[in-house]
Amino acid sequence: MSDTAMSETVSFSRQGTIGLIKVNNPPVNALSQSVRAGLRDAVERGLSEPDVAALVLICEGNTFIAGADIREFATGLGEPALVPVIDAMETAAKPIVAAIHGTALGGGLEVALGCHYRVAVPTARVGLPEVALGLLPGAGGTQRLPRLVGAQVALDMIVGGGHVPAPKAKELGIIDDIVEGELLDAAVTYAEKLIAEGKGPRPIRDIRPEQVSLSVFDDYEQSIARKQRGFLAPFHIIKSIRAAFELPFEQGMAREQELFAELMASTESKAQQHIFFAEREVAKVPGLPKDTPLRSIKTGAVIGAGTMGGGIAMNFANAGIPVKLLDVSQESLDKGLGIIRRNYENTAKKGRISQDDVERRMALIEPVLSYDDIKDVDIVIEAVFENMEIKKEVFRTLDATCKPGAILATNTSTLNVDEIASATNRPEDVIGMHFFSPANVMRLLENVRGERTANDVIATVMKFSKSLGKVGALVGVCDGFVGNRMLHARTRESAFLVEEGARPEQVDKVFYDFGFPMGPFAMADMAGLDVGYKVRQERRKAGKKEKRDSVWIDRIVEMGRHGQKTHAGIYKYEDGRTPIPDPEIAGIIAQCAKEAGIEQREISDQEILERCLYPMINEGAKILEEGIAARPLDIDIIWINGYGFPAYKGGPMFWADQIGLKTIYDAYLKYAEKFGEHYWKPAPLLEKLAKEGKGFYG
Ligand code: 3HC
């Protein structure tokens, strides 16, 4: 029988005694209004046709339903709501089979759980990832899944938000059968067999939840308390799953709805939804034609086998791309490879990869000593010492040896990419790829477009970032690019604040309470104080004088206290890791303040927050004005993935909009009056938006 349209996106047809409900809502078959309405009508239709014995729900395209339509959250969800649609399916008098391929996620899995049986292809995955959007499964997921898999697995799956592969889902009882061959045929056969065996509907709501001690939920909350600090959704999810064990089904559903509504109204969820779309938008470069051709990257090379170079090489190996690691001496190569192997062995010890994976990845990294050995690779990433002359020399050699069309990337974090490119006769092939340390772990890649970088090089590197498992954000050339430039503004103010009387541990606590994993001083101690010291000395030597120079950290470095690695820095470290405030340092700070003629005072946490974070926002505004970042979302993605900005605050620019740009602008005027305009001049864009009552996002 031909398909009858039930809505724009759902059709109904028949194959013998089986009614087929097909969803076709590209790209991911999200549960838009027309899908919900179509599902409702198609189920009604199937139930009303006397010679339809069972129904199969299947999706067109690459995937089963991947969840609610997140874009509808901002505009409001029209009728029918998802919960009654799923209720109608679950309480239907004829059995319904969900046929799953691709991913059944969020509302998609909830629809499948509303069906009476679930079959899937072997490659399918299922999950309830709402937590990543700051939500909980709001269409029965927290009530039905625990009835199938028990409290512990439901907690892990819904609080963790991960995808479960079909074989594991079958083991857990989420999927009834894994089917080979054509999914539609297999699902129809499965449904026919049900009918032949006289099997009818099997609503999950009728399953009595396992008996559990309610302390399971308290213990779970305890176990995630630190890691999920600041997020709302994980804790609401625990409450909602708990309701499945404490309340009858209908009341549990009502509790889920209540908690879902609270999350939906929260700024945390709005911020996380913003990140979901921003992470996808960031890959789309404004002005770069969609059909820009891509260069093929099948092999790569990394210059420099130090910590950074080694970490970058690991990214290639992790992605299955052969990479040559070049250094000047065998000794450096041996050392670098030794560290890489140790890293992999440690990951294997934690059970995250197998010993075979270790060997496979090591085999993809080939140590080489000569540039001649890398002449045929498709991309080279230079990660040598951060010095312009050395980098230029490397690029001169690359220009002389690499094949035409090879992408020549520099991992510089501070130097001018255009100047590096000028050492070659092919600046169009040169680009920055700024990895963050540790390069094998951190997700962020700041890709730096030079003045002459070719469009296809930009497009290729942006796409390649994803292949390496990174989030690539495109930025322009300037001192510090986006991330470090904004960080610099924050670092400066935090040092001033301490000089004026705030305690380092007070400043760090303000940051921690805001949601950063640690504050600037604990971070500086961890990174090593000597690094920043050298940079400052270089800047001073180069005549780049700061208007106000606070020297207390330099004094600490000069005492031989370089941070955690010397068991002492701004803090002391008795166990090598835990920062302990040190009275000796308090004395040095007081002394430096006195020498600078600064009278120390009590400083409020609010002043710390404003003086550290608002200059970042102001710098962000300048970055936008200058076109260094194309959109505020690029900045947000950089800060969330590279600098530990709390995801539930959506990134600095999103957060600034929540605070209100007028508030930030007014604070700028207040501080300008107190400290002078030098560091407190609002960026014209900040001023303009504040006066217009707008935000960075409109
Ligand atoms: N709603 C609206 N749009 C969605 C969407 C959704 N649920 N999921 C994906 N999209 C869009 C993306 O924004 C992207 O759009 P673009 O091409 O315009 O940028 C497009 O679909 C393709 O997405 P990806 O680039 O992410 O494609 P991948 O193939 O890499 O990944 C996926 C596919 C695994 C399905 C991934 O998109 C994904 O994880 N999606 C989100 C799943 C999710 O969170 N579901 C739960 C939603 S909340 C919910 O269901 C509430 C319920 O409990 C009531």
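Visitor: Hi! Quick one to start: does D582 count as buried or exposed?

Guide: D582 counts as buried, because its relative accessibility is 11% and the cut-off for buried is under 20%. Keep in mind that this is a predicted model.

Visitor: Where is D582 found?

Guide: You'll find D582 in the loop between α23 (552–558) and α24 (583–595).

Visitor: And what does the side chain of D582 make a polar contact with?

Guide: The partner is the side chain of R561, at 2.9 Å.

Visitor: I'm also curious about H567. Where is its place?

Guide: H567 is in the loop between α23 and α24. Its phi is near 60 degrees, which is a positive value in a residue other than glycine.

Visitor: Is H567 buried or partly exposed?

Guide: Partly exposed, because H567 has a relative accessibility of 45%.

Visitor: Which residue has a positive phi of about 50 degrees although it is not a glycine?

Guide: That would be F481. F481 lies in the loop between β18 (471–476) and α19 (483–500).

Visitor: How does F481 count, buried or exposed?

Guide: F481 counts as buried, since its relative accessibility is 0%.

Visitor: Let's switch to the ligand. How many residues surround it?

Guide: The ligand is surrounded by 24 residues, and the closest are A68, E110, E130, R280 and K284.

Visitor: How do the residues of that shell divide into nonpolar, polar and charged?

Guide: The shell around the ligand has 12 nonpolar residues, five polar ones and seven charged ones.

Visitor: How far is an oxygen atom of the ligand from an N or O atom in the side chain of K284?

Guide: For K284, the distance is 2.6 Å. The side chain of E110 has an N or O atom 2.7 Å from an oxygen atom of the ligand. R71 also has a polar side-chain atom that lies 3.3 Å from a ligand oxygen.

Visitor: How much of the ligand's accessible area does the protein cover?

Guide: On its own, the ligand has 990 Å² of accessible area, and the protein covers 75% of that.

Visitor: Which elements give two or more residues to the shell around the ligand?

Guide: Those are α2 (70–75), β6 (103–105), α4 (107–114) and α12 (267–281). The largest share comes from α12, with three residues.

Visitor: You listed R280 among the closest residues. Which ring does its charged end sit over?

Guide: The charged end of R280 sits over the ring of F276, 3.8 Å from the ring's centre. Elsewhere, R548 lies over the face of F496, at 3.9 Å from the ring centre.

Visitor: Nice, rings! How many aromatic pairs does a search of the whole structure find?

Guide: The search finds 19 aromatic pairs. In one of them, F514 and F516 have ring centres 5.7 Å apart and planes at 25 degrees, so that pair is stacked. Both F514 and F516 are buried.

Visitor: And what about Y671 and W680, how are their rings placed?

Guide: Y671 and W680 form a tilted pair, with 4.8 Å from centre to centre and 40 degrees between the planes. Both Y671 and W680 are buried.

Visitor: Which residues do ring pairs link into a cluster?

Guide: The cluster is made of F511, F514, F516, Y614, F645 and W655. So the stacked pair of F514 and F516 belongs to that cluster.

Visitor: New topic: which residues does a cis peptide bond join with omega about 0 degrees?

Guide: P26 and P27 are joined that way, and P27 lies in the loop between β3 (18–23) and α1 (33–48). The peptide bond from S437 to P438 is cis too, with omega near -5 degrees. P438 is in the loop between β16 (430–435) and β17 (444–449).

Visitor: Last one, I promise. Which strand is D177 found in?

Guide: D177 is found in β10, which covers residues 177–178. D177 counts as partly exposed because its relative accessibility is 28%.

Visitor: How far apart are D177 and Y117 in sequence and in space?

Guide: They are 60 residues apart in sequence, while in space the C-alpha to C-alpha distance is 8.8 Å.

Methods:
Residues are numbered from 1 along each chain as its sequence is written. This is a predicted model: local features need pLDDT of at least 70, side-chain atom pairs count only at pLDDT 80 or more; totals for chains, interfaces and linings use all residues. Side-chain values use heavy atoms; hydrogens and water are left out. A residue is near a molecule or strand if one of its heavy atoms lies within 4 Å of it. A polar contact is a pair of N or O atoms within 3.5 Å; within protein, one must be able to donate a hydrogen and the other to accept it, and residues adjacent in sequence count only if both atoms are side-chain atoms. Accessible areas come from the Shrake-Rupley method with a 1.4 Å probe; for residues, only the protein chains shown count as cover. Helices (H or I, at least four residues) and strands (E, at least two) are DSSP runs, numbered from the N terminus. Ala, Val, Leu, Ile, Met, Phe, Trp, Tyr, Cys and Pro count as nonpolar, Asp, Glu, Lys and Arg as charged, and the others, Gly among them, as polar. Rings of Phe, Tyr and Trp (its six-membered ring) pair if their centres lie within 6.5 Å; planes under 30 degrees apart count as stacked, over 60 as edge-to-face and the rest as tilted. Buried means under 20% relative accessible area, exposed over 50%, partly exposed in between (1.4 Å probe, protein chains only). A charge sits over a ring if NZ of Lys or CZ of Arg is within 6 Å of the ring centre and within 35 degrees of the ring normal.
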